[in-house]
Amino acid sequence: MKESVWVLVVTAAAALSVIIFVTENPFDPSSFLSVEEKKLVAWQRARMQLDPGRTHHLEAFKDMQKNSEPLKNVNSRILIGAPPGEKKLLTIGISAVPPPQGGNLMGTLRSLFSASSSSERKHFTVLLHTAGPDPKSSRWLAQTTHNLSALFKCHIQAGELVVITTPLASSLPLKDLKKTVEDPPAHVAFRSRQNRGYAFLMNFATRHSDYFLVVEDDVNCAPGFVTQIASTVSAWAHRPWATLEFSQLGLTGKLFHTGDLPRVAHFLLLFHQEMPCAGLLSQFQDLVQSTPVQFLPALFQHAGRSSSFEEEDVGSPSNPAASIHTSLEAANNSVPSSAYSLDENFFYAKSAEAGSHLTVVLDTPAQVSRVQVQTGSNLRDENQLKEGHVELGYDSTNRVSDCDDYVLLGLLVGGGLDKRVLSHRAGRKVKCVRVLVTARTPSAVVLRHIRLWAE
């Protein structure tokens, strides 16, 4: 009986949180003691098996509202740079702290900028939140600010790097932290500071971009990570999600809608003492998204590891049994199925008009982990399809030669695409893989191969 009641509480809390996730402003004082918030706290206590006598979250919320109205009146101060004048695609958020907990901040920033082309950097801003100026960190903050101004001057002038800090007056007092048996006071204090740092960072970032990416201060980035993220959010534009994950690291690589950041920040402040930020974000995700959505290969690695981003060996393509459908006109007696064969044959089309396609329809829908498409001559860069993209198709109406739901996998770059697909935990079985022409080509096109890694 108790178990069934708990399940009902969990279900109700999750449902209510989804409803209010976008529409409610969680920092409006009138919402602090709502029924939904009480259910959220009850659910989270059960989830983390907290001792109600040790944690009084609603009371803490009242104190936060009365004493400082957290986030509503937070005055994070800009130390370096200026927020973008126009809304960008992406804000990359880092919350840095002094050693010994801090990582390799300068190396992380170098990696972020060097792994991005000049055109990619136009679409994101790195927002760095530095620890508040208490006596222990004031010298580190001054030195860090000086180093950032010198090393990243061109990126600051280009509006690609903004550094902020939050005065101690905006923070909750560390002296009243709850003591736990499991963790030394220093650990509790550190994770509390970390959670509040990310809450202030998210609070500042709510209106400067469409998406917010969390990156820790000790990572290396894969080349072209911005383009990978941009193509992914385009593919998921019409599918519900709260968090997309581009790394298996704790915090790094988690992507949010900026419109959802107030709710996330509220959650971090509510439970700032309970666990590290990575754990809280996972708990938050459980409230609003039933299944993790992770993408491979990882776009970020810890700085101490190899930064080559070499893909693991996933074996040879399998190309399951399928039928091939196309609106392209064949040339020289070429057949469309040659593009899907695993030998050296290819499909030769006379021309390609915008909207024309070649679609692989699997006999049995499968879990697809990787897709590779190559166009053009094997010897020269001739007859490439330069204006096109690849889509994955799903079918709920049992169509014979097509699918009723397509999502973008990626654009053809240099006439080709080689991309890993989201993890099996989050993906549906794929029925169709479609190469779609997006602009007329002036010459013939060679579709050299379409290769699938599927189960």
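Partly exposed means a relative accessible area between the buried limit, under 20%, and the exposed limit, over 50%. Select N383: at 21% relative accessibility, this residue therefore counts as partly exposed. N383 sits in the loop between β13 and β14. Check its backbone too. Phi of N383 is near 60°, which is positive although the residue is not glycine.

Now jump to N332. This is another non-glycine residue with a positive phi, about 55°. The loop between β10 (322–326) and β11 (347–349) holds N332. Is N332 buried or exposed? N332 is exposed, with a relative accessible area of 66%.

**Confidence**

Before going further, color by pLDDT. This is a predicted model. Mean pLDDT for the chain is 77, and 73% of the residues reach 70 or more. Which elements mark the lowest and highest mean pLDDT? Helix α1 (residues 2–23) has the lowest, 33, and strand β5 (residues 209–214) the highest, 97.

Select residues 1–34. Here pLDDT stays under 50. The model still gives this stretch 47 contacts beyond four places in sequence. Then select residues 172–176. This stretch also stays under 50 in pLDDT, and it has seven contacts beyond four places in sequence.

Center on L255. What does L255 touch, leaving aside neighbours within four places in sequence? The list is L90, Y211, F212, L213, I229, V233, W241, A242, T243, L244 and F246.

**Helix α10**

Select residues 261–270. This is helix α10, and it is mostly covered: nine of its ten residues are buried. An α-helix has 3.6 residues a turn, so residues three or four places apart point the same way.

**Salt bridges**

Side chains of opposite charge can pair when their charged atoms come close. How many salt bridges does the model hold? The count comes to eight.

Start with R121 and E160. Their closest N and O atoms are 3.6 Å apart. R121 lies in helix α5 (residues 118–121), while E160 lies in the loop between α7 (153–157) and β4 (161–165), so the pair ties together parts that are 39 residues apart in sequence. R121 counts as buried, at 17% relative accessibility. E160 counts as buried too, at 10%.

Next, select K254 and E245. This salt bridge has its closest N and O atoms 3.5 Å apart. K254 is at 5% relative accessibility and counts as buried. E245, at 6%, counts as buried.

Then take D418 and R370. Here the closest N and O atoms are 2.8 Å apart. D418 is in strand β16 (residues 416–420) and R370 is in strand β13 (residues 368–375), so the pair ties together parts that are 48 residues apart in sequence. Compare the two partners. D418 counts as partly exposed, at 40% relative accessibility, whereas R370 counts as buried, at 13%.

**The disulfide**

Last stop: select C403 and C432. The model has one disulfide, and C403 and C432 form it, with their sulfur atoms 2.1 Å apart. Why is this disulfide right-handed? The torsion about the S-S bond of C403 and C432 is about 90°, so the disulfide is right-handed. C403 lies in the loop between β14 (388–394) and β15 (405–411), and C432 lies in strand β17 (residues 430–437), so the pair ties together parts that are 29 residues apart in sequence.

How values were computed: Residues numbered from 1 in each chain as written. Predicted model: local features only at pLDDT ≥ 70, side-chain atom pairs only at ≥ 80, totals over all residues. Heavy atoms only, no water. Buried < 20%, exposed > 50% of the residue type's maximum accessible area, 1.4 Å probe, protein only. Helix = DSSP H or I, 4+ residues; strand = E, 2+ residues; numbered from the N terminus. Salt bridge = Lys/Arg side-chain N within 4 Å of Asp/Glu carboxyl O. Disulfide = S-S within 2.5 Å. Contact = heavy atoms within 4.5 Å. pLDDT = per-residue confidence, 0-100.
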